[in-house]
Amino acid sequence: MTRKIEIQNTRSELNSSLINKGPSIFVWGIWLLMLVIALRYFLKYTQNIPLAEDWNMVAAVTGKQANIVRWLWEQNNEHRIPLPKIILLFLLKTTKDFRAGMVLNILSSALLAAFFIKAMHKLRGNKTYYSDAFFPIALLHIGNWENLFWSWQFTFILSTFLTCIVIIVLVQYRQLLTMPKAILVCICMIGLPLSGANGLISLLPVFPWLVYETYLQFRSREPGASRAVGILLLSSILITIFFVIVYFIGYYRPSWNPPSPSVWATLKTSAKFMANGFGPAVSFSWPVFSLIALSLISSTIILLINALLKLRGPEFRRALAMFFFLGGSIVFALAIGWGRAAMVPVFAMPMRYAMIAVPAIIICYCSWFLYGPGKLKQLIPLAISFIMFILIIPNSKKGFIWRDWYRDGTSTVLNDIKNGVTISEFVNKNQSFLLHWSKQKLQAGVQQLSEAKIGQFKNIKDDVLMDHYIAPIDHDSNIEK
């Protein structure tokens, strides 16, 4: 009888343990599944072929870039992106493979999702909720195909990564920043204006929070205050301001991008951008998902204002910073709306914008857990996660549109090289896919890759070298005559 009771108790303990670990197993299982799917598609479909802005890297990779410092700082559309360029250049120099940036995109997104899962686990007293599957789904769903499987998109992912690292520090904020956390936040802050216009706009909420934090660090009576941390924060703020000022020296508005036709067009495009945080599948019904996104963001603003009226001390500062970040996300959306309102009706909302729209949804998710009343504390994050979950297949279908276009284009490229076309013939046939806006840059890039014997381009026939081979014979013949 005693033995039977012991067995029953053991089974009860095992069942209880599985119940407690069930959410953690589920969430990390989703994370692993999303990562494995992304890596599988990477191995199956990607090619060592530069695409679009990837060709900006070719001269630097092959040692043909005349002024590397000027190249690092030059504009690409509205963006100055020296930091992602340096990272991509290092990878490409090391691997000679233009897929290296794709791996970096996938791993960065997976790492960010893992950081959020761990942060929420710690915040809840070592508990994981099923709803935390939101993070790997939002950051790794295949609707992000353009972001994950195009190396150049690291320029988008890096600014999102840096912004989200600051959000993770903020979500766990319980007292004034310690030196390790201050160093992490300062690195992110300085890196943002070096990561393009996306990073520049993302600085808006970071600045007021860290200025206030710096002030408190210098107040010796504030618990946990450290003059050394204050000096670090102040120095980093000044360095960041310097980079922001320099960013606009010589800045020009891209000529191809027309201004917004109206305020209404700007607001409509901004709403679409916010909805795009759920993935490109929202294009199936812009009004519905725009309403969902606007309802979520506006209700979160009200939630945070209500929290600010009640809270004091470190909790007040965290809520205030969350309010700043959500406000910054709205400014970001308005900037996108103003900058792309004339183009979105013609070319549609780019799928790659899904990645830079995600932080606003993340802030809402975390805010409702931190300050939501009663059951809404769990229900709203669960609802956000459920929306992302039901959109996995529609988002994947959107991603497959980009996959099919990419697969068809790279197949043509590889077949042309295999069939022995010359560089000139290759450029004429593939410019619309590889680099539609500059035949000259593509011609030079293919020549440089051919000479450097990188990837499949080592097998392409060089029509310039063929001419050089014939010319000496004609020259000698003329001399003899």
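1. Start with Trp150. In this predicted model, Trp150 is buried, with a relative accessible area of 7%. Trp402 also counts as buried, at 9% relative accessibility. The cut-off for buried is under 20%.

2. Planes under 30 degrees apart count as stacked.

3. Phe248 and Tyr251 give another geometry. Their ring centres are 5.7 Å apart with planes at 65°, so the pair is edge-to-face. Phe248 counts as partly exposed at 47% relative accessibility, and Tyr251 is partly exposed at 30%.

4. One aromatic cluster deserves a look in the viewer. Its members are Tyr41, Tyr45, Trp145, Phe149 and Phe400.

5. Two arginines lie over ring faces. Arg80 is over the face of Tyr247, 5.9 Å from the ring centre. Arg124 is over the face of Phe369, at 4.7 Å from the ring centre.

6. Next, the core. The largest nonpolar core has 146 residues. Trp209, Phe278 and Phe426 touch the most other members. Helix H16 (residues 353–371) supplies the largest share of this core, with 15 residues.

7. Take Phe426 by itself. Leaving out residues up to four places away in sequence, Phe426 touches Val413, Asp416, Ile417, Val421, Leu434, Val446, Phe457 and Ile460.

8. Helix H13 (residues 286–310) passes a length check. It has 25 residues, and at 1.5 Å a residue these should span 36 Å. The end C-alpha atoms of H13 are 36 Å apart, which agrees.

9. Which residues of H13 are buried? They are Trp286, Phe289, Ser290, Ala293, Leu296, Ile297, Thr300, Leu303, Leu304, Ala307 and Leu308. An α-helix has 3.6 residues a turn, so residues three or four places apart point the same way. Steps of that kind can be read off the list, for instance Phe289 to Ala293 and Ile297 to Thr300.

10. What do the buried residues of H13 pack against? Their partners are helix H12 (263–275), helix H14 (313–340), H16 and helix H17 (376–390). H16 is also the helix with the largest share of the core.

Notes:
Residues are numbered from 1 along each chain as its sequence is written. This is a predicted model: local features need pLDDT of at least 70, side-chain atom pairs count only at pLDDT 80 or more; totals for chains, interfaces and linings use all residues. Side-chain values use heavy atoms; hydrogens and water are left out. A nonpolar core is a set of buried Ala, Val, Leu, Ile, Met, Phe, Trp, Tyr and Cys residues joined through side-chain atoms within 4.5 Å. Buried means under 20% relative accessible area, exposed over 50%, partly exposed in between (1.4 Å probe, protein chains only). Helices (H or I, at least four residues) and strands (E, at least two) are DSSP runs, numbered from the N terminus. Contact means heavy atoms within 4.5 Å. The expected span of a helix is 1.5 Å times one less than its number of residues. Rings of Phe, Tyr and Trp (its six-membered ring) pair if their centres lie within 6.5 Å; planes under 30 degrees apart count as stacked, over 60 as edge-to-face and the rest as tilted. A charge sits over a ring if NZ of Lys or CZ of Arg is within 6 Å of the ring centre and within 35 degrees of the ring normal.
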